[in-house]
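Here are my notes for your first look through this model. Keep the viewer open and follow along point by point.

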Amino acid sequence: MEKDIIIETLKKQLEDFKPGAEVANVGKVIKIGDGIAAVSGLSNVMASEMLEFTTKGGNVSGMALNLEENQVGAIILGDYKKIKEGD
């Protein structure tokens, strides 16, 4: 009996689940080259946090690696040539 209650509760929770991401901080690309971007304005980003670069050619993912006081160094996990300074 208890097992059935647990299963029904889990099914209900899964039905109500709505996956999604939240945009928490917006930065600006200072420079880009060889798959690495320097980005300003991401004061709350943490190391190894996933980033999304919105470009005219589509979105490109990246990962924050080098955290400095005024900028973040990010490795680009896609076509870095789509990203331009100022994006």
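1. One term before we start: a residue counts as buried when its relative accessible area is under 20%, as exposed when that area is over 50%, and as partly exposed in between. You'll want that for strand β3, which has a covered face made of Leu 51, Phe 53 and Thr 55. Its uncovered face holds Met 50, Glu 52 and Thr 54. Bear in mind that this is a predicted model.

2. Now zoom out to the sheet. In what order do its five strands lie? Going across, you meet β1-β2-β5-β4-β3, in an open sheet with antiparallel pairing. β1 (28-33) and β3 (50-55) stand at the edges with a single partner strand each, so one side of each has no neighbour in the sheet. On average, neighbouring strands here are turned by 35 degrees against each other, direction ignored.

3. Next, look at how β3 is held to its partner. β3 and β4 (residues 58-67) run antiparallel and are joined by six bridges.

4. Move on to β5. It is joined to β4 by five bridges, again with the two strands antiparallel, and Gly 62 stands opposite Ile 76 in β5. This pair is a hairpin too, with four residues between β4 and β5. With β2, β5 pairs over four bridges in the antiparallel sense, and there you can find Ala 37 opposite Ala 74 in β5.

5. Is β5 enclosed or open to the outside? Four of its five residues are buried, so β5 is largely enclosed by the rest of the structure.

6. That leads us to the inside. The largest nonpolar core has 13 residues, and those with the most contacts within it are Leu 42, Val 45, Leu 51, Phe 53, Ile 76 and Ile 83. β2 (36-40), β3, β4 and β5 (72-76) are the elements that give two or more residues to this core. β5 supplies the largest share, three residues. You've met some of these names already: Leu 51 and Phe 53 are on the covered face of β3, and Ile 76 is the residue opposite Gly 62.

7. Nonpolar side chains also show up on the surface. Ile 36, Met 50, Leu 65, Ile 75 and Leu 77 make a nonpolar patch of about 440 Å². Take Met 50 as your example: it is found in β3, on the uncovered face. With a relative accessible area of 48%, Met 50 counts as partly exposed, because the exposed label needs over 50%.

8. Last, the charges. Side chains of opposite charge can pair when their charged atoms come close. How many salt bridges does the structure hold? There is one, and in it the side chains of Lys 12 and Asp 16 meet at 3.1 Å, N to O. Both residues sit in helix α1 (residues 2-16), and because they are four residues apart, about one helical turn separates them.

Conventions: Residues numbered from 1 in each chain as written. Predicted model: local features only at pLDDT ≥ 70, side-chain atom pairs only at ≥ 80, totals over all residues. Heavy atoms only, no water. Pairing = 2+ DSSP bridges. Axes fitted to C-alpha atoms, helices over the stretch in contact; angles between N-to-C directions. Patch = residues over 30% accessible without salt bridge, like charges linked within 9 Å, V, L, I, M, F, W, Y side chains within 5 Å. Areas by Shrake-Rupley, 256 points an atom, 1.4 Å probe, with all protein chains shown as cover. Salt bridge = Lys/Arg side-chain N within 4 Å of Asp/Glu carboxyl O. Buried < 20%, exposed > 50% of the residue type's maximum accessible area, 1.4 Å probe, protein only. Core = buried A, V, L, I, M, F, W, Y, C linked by side-chain atoms within 4.5 Å.
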